[in-house]
Amino acid sequence: MTNGSVHNGGRSFAELLTEFKEELKEFANTRFQMLRAELTEKAGAWKAAVPMLAICGVLLLFAFMLLTGALVALIALAFANHPWAYALSFAIVGVIYLLAGGAAGAYGYRTIKANGMAPERTMRILKQDQVWLQTEARTQL
């Protein structure tokens with residue numbers, strides 16, 4: 001000990017703290033930049049896909065309406081002598097669509113819930129860094 005400071009390899013405790021603080025800032029900045037890059041990459045993919053998905057949605061909606069009309073007319077032919085032929089046809093088609101939509105929605109919800117939206121690669125690296133920092137802290141003490 002010299003002048004009330006603790007020496008470690010020729011450096012004072014204050015110098016070690018300053019160096020640690022700078023390394024911690026650099027570490028946090030690197031991880032933040034990595035997170036930003038991953039989120040920017042994902043956003044770029046979404047920006048390219050969204051307009052095409054919108055066009056696809058509009059065209060599929062028109063096709064859906066036309067095919068629904070044809071299906072209702074076809075089912076109404078089966079009830080040709082019944083005064084409620086078209087009402088029954090719309091009800092049958094509606095129930096079929098309700099069941100199909102419910103099944104598709106349940107599948108989509110389960111898929112999103114299973115995969116999540118978190119940046120998995122960044123989170124995995126941050127957890128590895130946490131373990132590494134804990135190991136380093138134990139070896140330094």
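In which helix is Met65 found? Met65 belongs to helix α1, which covers residues 13–78, helices here being DSSP runs of H or I with at least four residues, numbered from the N terminus. The model is a predicted one, in which local features need pLDDT of at least 70 and side-chain atom pairs count only at pLDDT 80 or more, whereas totals for chains, interfaces and linings use all residues. Residues are numbered from 1 along each chain as its sequence is written, and side-chain values use heavy atoms, with hydrogens and water left out.

With a relative accessible area of 45%, Met65 is partly exposed, a class that lies between buried (under 20% relative accessible area) and exposed (over 50%), as judged with a 1.4 Å probe and protein chains only. Met65 also contributes to a nonpolar surface patch together with Val58, Leu61, Phe62 and Phe64, and the accessible area of these residues together is about 480 Å². Such patches are made of residues with over 30% relative accessible area and no salt bridge, nonpolar side chains (Val, Leu, Ile, Met, Phe, Trp, Tyr) being joined within 5 Å and like charges within 9 Å; the areas come from the Shrake-Rupley method with a 1.4 Å probe, and for residues only the protein chains shown count as cover. Leu66, likewise found in helix α1, is exposed, with a relative accessible area of 65%. Between Leu66 and Cys56, which are 10 residues apart in sequence, the distance from C-alpha to C-alpha is 15 Å.

Phe64, a member of the patch, also takes part in the 1 aromatic pair that the structure holds. The ring centres of Phe64 and Tyr97 lie 4.6 Å apart and the planes stand at 35°, so the pair is tilted; rings of Phe, Tyr and Trp (its six-membered ring) pair if their centres lie within 6.5 Å, and planes under 30 degrees apart count as stacked, over 60 as edge-to-face and the rest as tilted. The two residues are 33 apart and link distant parts of the chain, Phe64 being in helix α1 and Tyr97 in helix α2 (residues 85–115). Phe64 is partly exposed at 40% relative accessibility, and Tyr97 is partly exposed at 27%.

Helix α2 has 31 residues and reaches 45 Å from its first C-alpha to its last, close to the 45 Å expected at 1.5 Å a residue, where the expected span is 1.5 Å times one less than the number of residues. Within this helix Ala85, Ser89 and Val93 are buried, and what covers the buried residues of α2 includes α1. Just after α2, Gly116 takes a positive phi of about 70°.

A search of the whole structure finds 3 salt bridges, each defined by a side-chain nitrogen of Lys or Arg within 4 Å of a carboxyl oxygen of Asp or Glu. One of them joins Lys25 to Glu22 at 3.9 Å, N to O; both residues lie in helix α1, 3 residues apart, or about one turn of the helix. Asp129 and Arg31 meet in another at 2.2 Å, and, with Asp129 in helix α3 (residues 120–140) and Arg31 in helix α1, the pair ties together parts that are 98 residues apart in sequence. Asp129 is buried, with a relative accessible area of 11%. A salt bridge also forms between Arg121 and Glu38, at 3.9 Å; Arg121 lies in helix α3 and Glu38 in helix α1, so this pair ties together parts that are 83 residues apart in sequence. Arg121 is partly exposed at 37% relative accessible area, whereas Glu38 is buried at 7%.

Terms used
Contact means heavy atoms within 4.5 Å.
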